[in-house]
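Dear colleague,

Please find below the sequence and the structure that I promised to hand over.

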Amino acid sequence: MIKIAPSILSADFSRLAEDLCRVKDADWLHVDVMDGHFVPNISFGFPIMEVLPGITDQFLDVHLMIQNPSTYIPRFAELGAGLITVHAEACVHLHRVVQQIKELGVKAGVALNPGTPLNAILHVLEDVDLILVMTVNPGFGGQPFISTMLPKIEELRRLIAAKDLSVDIQVDGGINLQTAPQVVAAGANVLVAGSAIFRSPDPGRMIAELRTV
């Protein structure tokens, strides 16, 4: 089953509760946290995360695009994250960070930038719940999809199948009605979409269409 995770980075923060109501039929909410160091942009952190459980009961998929994520993971878990994804590139001791997330009772994900090969996560593949393949360079919404990531998704699906693992493959970046069928065909089953959903005149219909590509 395909899961759809609208990225609240593309929401209108002056009416966040209203915008989240418009995507209430989504499977997850994707929460992009950026620190201006690991990526060249700053988004939001604890103040937004603190209000989300009060305005939505959706599963919170927290994507930490930050340096030193282990420092902040306990607070995000405390605030209601159902899944915390860290970047392999930001973790000197990736296995330790994955275990930290799991010990907090939260699902653990690892993200890979476009330039990072799959061998960076092979040693934790049996420990994670999700691998996020970035299909843009992280930091900004609205970027064009990098089609050369499709073989990477295909290879990751083969690796997961070969080990008979239950690991989701998430994609984030440039996902819309044109690119979604490509990543699903390659093996992805969790689609993050920001602009395509929140800038649609009918976000609910867009979610439904993305789910059935």
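**The largest pocket and its surroundings**

The residues that line the largest pocket divide into 13 nonpolar, 11 polar and two charged, where Ala, Val, Leu, Ile, Met, Phe, Trp, Tyr, Cys and Pro count as nonpolar, Asp, Glu, Lys and Arg as charged, and the others, Gly among them, as polar. Before going further, please note that this is a predicted model, in which local features need pLDDT of at least 70 and side-chain atom pairs count only at pLDDT 80 or more, while totals for chains, interfaces and linings use all residues. Residues are numbered from 1 along each chain as its sequence is written, and side-chain values use heavy atoms, with hydrogens and water left out.

The lining of this pocket consists of 26 residues, and those nearest its centre are G141, G142, D172, G173 and G174. Strand 2 (28–34), strand 8 (190–193) and helix 7 (195–198) are the elements that each give two or more residues to the lining; helices (H or I, at least four residues) and strands (E, at least two) are DSSP runs, numbered from the N terminus. The space in the pocket comes to about 320 Å³. A pocket here is an open set of points on a 1 Å grid over the protein atoms alone, where a 1.4 Å probe fits and protein lies on both sides within 12 Å along at least five of seven lines, and its lining residues have an atom within 4 Å of a point. Grid points are joined across faces, edges and corners, and the volume is the space filled by probe spheres set on them.

**The nonpolar cores**

The largest nonpolar core holds 65 residues, of which I84 and I121 touch the most other members. A second, separate core has 10 residues, including L83, A111, L130 and M134. Such a core is a set of buried Ala, Val, Leu, Ile, Met, Phe, Trp, Tyr and Cys residues joined through side-chain atoms within 4.5 Å, and buried means under 20% relative accessible area, exposed over 50%, and partly exposed in between (1.4 Å probe, protein chains only). Leaving aside neighbours within four places in sequence, I121 is in contact (heavy atoms within 4.5 Å) with A88, L94, V110, L112, I131 and L156.

**Cysteines**

How many disulfides does a search of the whole structure find? The search finds zero, a disulfide being a pair of cysteine sulfur atoms within 2.5 Å. As for individual cysteines, C21 is partly exposed, with a relative accessible area of 48%, whereas C91 counts as buried at 10%.

**Residues in the loops**

S7, in the loop between strand 1 (3–6) and helix 1 (16–22), counts as buried at 5% relative accessibility. Apart from neighbours within four places in sequence, S7 is in contact with H30, D32, V192, A193, G194 and F198.

The loop between strand 3 (59–65) and helix 3 (73–78) contains N68, which counts as exposed at 52% relative accessibility. Q67 also lies in the loop between strand 3 and helix 3 and counts as partly exposed at 39%.

Most residues other than glycine have a negative phi. N68, however, has a positive phi of about 50° although it is not a glycine, and phi of D164 is near 55°, again a positive value in a residue other than glycine. D164 lies in the loop between helix 5 (150–162) and strand 7 (168–172) and is exposed, with a relative accessible area of 70%.

V92, in the loop between strand 4 (83–87) and helix 4 (94–103), is exposed at 77% relative accessible area. P201, in the loop between helix 7 and helix 8 (203–211), counts as exposed at 84%, and its C-alpha is separated by 36 Å from that of V128, 73 residues apart along the chain.

With best wishes
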